[in-house]
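Have a look at the model, then read on.

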Amino acid sequence: MGCRVEGLILKVVVITGASAGIGLAATYKFVSCGYKIVNLSRRPCPNPEVVSITADLSQHGFFDAIGDELTSHVEGAEILHLIHNAARYLHDSALDTSDESLTSVFQTNVVAPNTLNRQLLPYMNPGSSIVVVGSTLAEKAVSGCFSYATSKHAQVGLMRALCQDLVGRGIHTLMVCPGFTDTEMLRAHVPDEAMDDVAAMSAFGRLIEPDEIAETIVWATENPVLNGSVIHANLGQIEQ
């Protein structure tokens, strides 16, 4: 991994949902690059080098409870990256999903990122970035995950609109869209007996490791030429 460690420059990364999976893997990658890491999630991050702030992104107004503590960790940062990794996934259908259920998914997946963008952008200098961890479902859809797919499509719009509104600030935005990655979320929604079939849906015939996506995220923060881009990191997913 080609991370750059810049002497005494204070570099901070705020990651949502870094208590497990891709977010946790990303903490180790960023620590090795000399970053201070702040995790926002309901569970603490098991990486002892990470500052964990308890936050429930599913709650409207969550920032009111964490704002002072979070800003104390990002003040003075010369480089600040914000990684929107936390997500809510429901098995649901466009035919019968209630407005309340759809709204709850959007709160975690779209509204909370907007809140954090608005609150942390004043602390971001040129060279900073905002990275959204998306999904292959950000640009397509399958049955049975209506609210998740809809929210991931909305994240693409959020990221691209943010790119345009940040013109001239030297801050880049992009989305990294993992394929089937071996995480708690995947295993919570896919039965063990179906896991081989899921792995076979990539051109490499295996699941992606969280470390692979984490390394892609670090690379994305360091390359402003990707500004406004959607990067599919899926081992070449076989379309069904």
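Two strands count as paired here if DSSP finds at least two bridges between them. Keep in mind that the model is predicted. With that rule, an open sheet of 7 strands comes out, in the order β3-β2-β1-β4-β5-β6-β7 and with parallel pairing. Its edge strands are β3 (50-54) and β7, each of which pairs on one side only. On average, neighbouring strands of the sheet are turned by 20° against each other, direction ignored.

Let's zoom in on one pair. Strands β1 (residues 11-16) and β2 (residues 36-41) run parallel and are joined by 5 bridges. Across this pair, Val12 stands opposite Lys36 in β2.

Which helices pack on the sheet? Helix α1 and helix α7 both do, and here's how they sit:

| Helix | Strands touched | Direction angle |
|---|---|---|
| α1 (residues 21-32) | β1, β2, β3, β4 (79-84) and β6 | about 175° with β1 |
| α7 (residues 210-221) | β4, β5, β6 and β7 | about 165° with β6 |

Now for helix α4 (residues 146-165). This helix has 20 residues and reaches 29 Å from its first C-alpha to its last, close to the 28 Å expected at 1.5 Å a residue. Which residues of α4 are buried? They are Ser147, Tyr148, Ala149, Ser151, Lys152, Gln155, Val156, Leu158, Met159, Leu162 and Cys163. And what covers them? The cover for the buried residues of α4 includes the helix α3 (99-120), along with β5 (129-133), β6 (172-178) and β7 (229-233).

Note on methods. Residues numbered from 1 in each chain as written. Predicted model: local features only at pLDDT ≥ 70, side-chain atom pairs only at ≥ 80, totals over all residues. Heavy atoms only, no water. Helix = DSSP H or I, 4+ residues; strand = E, 2+ residues; numbered from the N terminus. Expected span 1.5 Å × (residues − 1). Buried < 20%, exposed > 50% of the residue type's maximum accessible area, 1.4 Å probe, protein only. Contact = heavy atoms within 4.5 Å. Axes fitted to C-alpha atoms, helices over the stretch in contact; angles between N-to-C directions.
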